[in-house]
Amino acid sequence: MQSNGAGEGQESGLTCQSSAQNGESSSAAGAHSNGLLSSTDHGSSVGTGNGAQTGTGTLSTGSGSELGSLKKKKRLSQSEEDVIRLIGQHLHGLGLNQTVDLLMQESGCRLEHPAATKFRNHVMEGEWDKAENDLSELKSLMHSPNATVVRFFSFLLQRMKFLLLQQKYLEYLEDGKVLEALQVLRGELTPLKYNTDRIHILSGYLMCSHAEDLRAKAEWEGKGVSSRSRLLDKLQMYLPPSVMLPPQRLHTLLRQAVELQRDRCLYHNTKLDASLDSASLLLDHMCSRKQFPCYTQQILTEHCNEVWFCKFSNDGTKLATGSKDTTVLVWQVEQDTHQLKLWRTLEGHAYGVSYLSWSPDDTYLIACGPDDCSELWLWNVQTGELRTKMSQSHEDSLTSVAWNPDGKRFVTGGQRGQFYQCDLDGNLLDSWEGVRVQCLWCVSDGRTVLASDTHQRIRGYNFEDLTDRNIVQEDHPIMSFTVSKNGRLALLNVATQGVHLWDLQDRVLVRKYQGVTQGFYTIHSCFGGHNEDFIASGSEDHKVYIWHKRSELPIAELTGHTRTVNCVTWNPCVPSIMASASDDGTVRIWGPAPFQDVQDVDINAVYSRPCLFKTIMYSPI
């Protein structure tokens with residue numbers, strides 16, 4: 001370990017000060033403010049003597065006979081300097097400037113280059129001419145032997161100059177100094193020949209009648225500390241970190257660390273919060289499996305035959321289940337207990353109910369039957385009245401349906417070649433001949449419908465210009481599919497293959513999920529969780545499988561059903577609730593473990609949310 005005295009080497013560039021600036025004592029055996037000792041040996045070299053140096057002050061002897069307690073000041077590594085600068089910047093942001101000065105003095109580092117400090121002060125004081133001159137000094141610090149990099153630096157400086165002049169121009173306008181603002185626009189901004197579109201917009205602000213109008217049109221906070229601080233944050237991004245740290249760098253690093261831990265947590269199922277206040281920085285983030293919907297909370301046994309489909313409403317307050325027993329049961333989700341109670345029974349589906357679809361506003365519910373069913377039922381769920389019973393032909397097979405986002409139209413079809421677009425009264429608006437539909441989905445643009453067909457593909461059909469295109473091509477039949485809320489991903493249940501995840505925009509297969517048993521039965525999977533980070537599917541081996549979207553292996557296999565699980569649906573508003581429908585005639589409601597042992601609790605969550613402590617301590621074990 002080298003000494004931090006004179007002659008120990010070059011100063012570490014822009015961030016490390018000399019030992020004289022480091023607050024070293026000039027006495028023979030003085031103590032630093034950080035507790036380390038320094039010593040001289042009356043001209044003799046120290047640190048290469050015969051004695052051993054330890055952290056307890058072991059004596060070291062030089063060529064003479066004098067003895068003394070010696071302890072060298074440790075030279076900071078680059079990473080240690082970086083940490084000190086990050087802490088200093090954070091403390092500065094909190095207004096603890098004296099603490100920052102002391103930290104920099106004791107460590108021998110400096111928060112930023114003096115040129116950057118001068119530049120910062122000039123920007124915050126609104127001394128725009130001086131700030132513009134500072135750019136020349138900063139340019140000398142952005143040196144590189146690479147000509148391309150030098151040109152890039154010149155471009156960045158031009159952009160910084162533009163931002164400075166833009167603030168200067170707006171402040172002149174706000175102060176009513178129109179002539180001065182016009183001079184900045186014509187004589188300084190325009191000659192830069194940078195972002196001419198923006199200059200045209202800026203020139204339009206000359207017509208603003210008063211300051212409030214200017215701030216509104218420019219979406220600008222006005223002259224003062226706030227807007228200048230925002231400007232400085234933008235300018236800092238173009239300077240090397242050795243000269244000036246990026247804004248709120250420590251906060252950014254901490255937020256990234258928290259996000260990464262949450263991202264790697266297999267069972268994290270709560271709303272993403274960019275604020276650090278929602279997490280403890282003192283412990284690693286970890287969610288317990290017992291907080292995840294892996295446990296049977298309720299078994300619904302009101303159906304008297306196989307249950308083929310289940311679907312939560314868009315607002316998460318109701319669950320609709322369809323069965324071979326010809327009924328649709330609508331269940332109410334209790335807001336406090338999340339228990340389900342039977343709310344309404346819809347009867348008369350002679351062929352049974354194999355598919356259900358809620359309207360966007362949850363007012364209506366459409367029920368479809370199996371392959372030999374030519375009828376479709378459109379129910380008003382609020383009143384329990386049948387609004388429309390639609391059948392175009394007894395030869396039809398209407399087995400799937402999807403709502404247009406406007407809630408005024410829907411598309412339906414089946415494997416006998418029917419593909420219709422209808423209104424709420426069942427009137428035929430459009431039809432597409434010869435498409436043998438297995439499953440349907442309406443895209444958010446309101447024009448395109450995705451349909452899986454008997455050719456092992458998903459195609460997009462535009463009912464306005466009557467065009468179609470291939471989007472997904474599989475090698476085996478697509479039994480069902482669903483699409484994520486953002487419309488980017490599609491989840492397919494593929495015969496004999498299992499569950500596949502496709503990117504609809506790039507038209508590529510993203511992932512094949514393992515574990516599920518999928519033959520030629522129609523099984524419906526779903527996206528779920530607070531951020532749709534999870535995927536759940538039924539299976540012919542009587543289980544419910546759950547995967548994290550990024551992992552091919554299941555994170556949970558839920559048992560309880562005794563026959564094929566036909567459908568799984570995740571509550572879109574209560575991410576801790578999931579439902580599954582099975583040929584065993586039951587619907588299972590899955591949720592977190594009813595009681596948690598202390599050792600299974602996320603201690604991070606307890607310390608960050610003390611209200612959990614009482615719940616845990618008084619829960620039965």
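**Buried charges, salt bridges and nonpolar cores**

Cys439 has a relative accessibility of 2% and therefore counts as buried. Cys304, at 67%, counts as exposed. The model is a predicted one. The disulfide count is zero.

Salt bridges number 22 in the structure. One of them joins Lys168 to Asp129, with an N to O distance of 3.1 Å. This pair connects distant parts of the chain, 39 residues apart. Lys168 belongs to helix H5 (residues 147-174) and Asp129 to helix H4 (residues 128-141). Lys168 is buried because its relative accessibility, 6%, falls under the 20% cut-off. A salt-bridge network links Asp129, Lys168 and Glu188.

Asp453 and Arg457 also form a salt bridge, at 2.7 Å from N to O. Asp453 is buried, with a relative accessible area of 4%. Arg457 is partly exposed at 22%. In the salt bridge between Arg409 and Asp406, the closest N and O atoms lie 2.9 Å apart. Arg409 is partly exposed at 23% relative accessibility. Asp406 is likewise partly exposed, at 36%.

Glu474 is buried but has no salt bridge. Its nearest side chain of opposite charge, Lys512, is 6.4 Å away. Glu474 sits in the loop between strands S17 (467-473) and S18 (478-483). The side chain of Glu474 makes a polar contact of 2.7 Å with that of His500. Beyond four places in sequence, Glu474 touches Gln456, Leu492, Val494, His500 and Trp502.

Nonpolar side chains tend to be buried together in soluble globular proteins. The largest nonpolar core here comprises 44 residues. Leu319, Leu365 and Phe410 have the most contacts inside it. Another core, of 22 residues, lies apart from it and includes Ala131, Leu156, Leu231 and Leu239.

Methods: Residues numbered from 1 in each chain as written. Predicted model: local features only at pLDDT ≥ 70, side-chain atom pairs only at ≥ 80, totals over all residues. Heavy atoms only, no water. Core = buried A, V, L, I, M, F, W, Y, C linked by side-chain atoms within 4.5 Å. Buried < 20%, exposed > 50% of the residue type's maximum accessible area, 1.4 Å probe, protein only. Helix = DSSP H or I, 4+ residues; strand = E, 2+ residues; numbered from the N terminus. Lys, Arg positive; Asp, Glu negative; His and termini not counted. Salt bridge = Lys/Arg side-chain N within 4 Å of Asp/Glu carboxyl O. Polar contact = N/O pair within 3.5 Å; in protein donor to acceptor, adjacent residues only side chain to side chain. Contact = heavy atoms within 4.5 Å. Disulfide = S-S within 2.5 Å.
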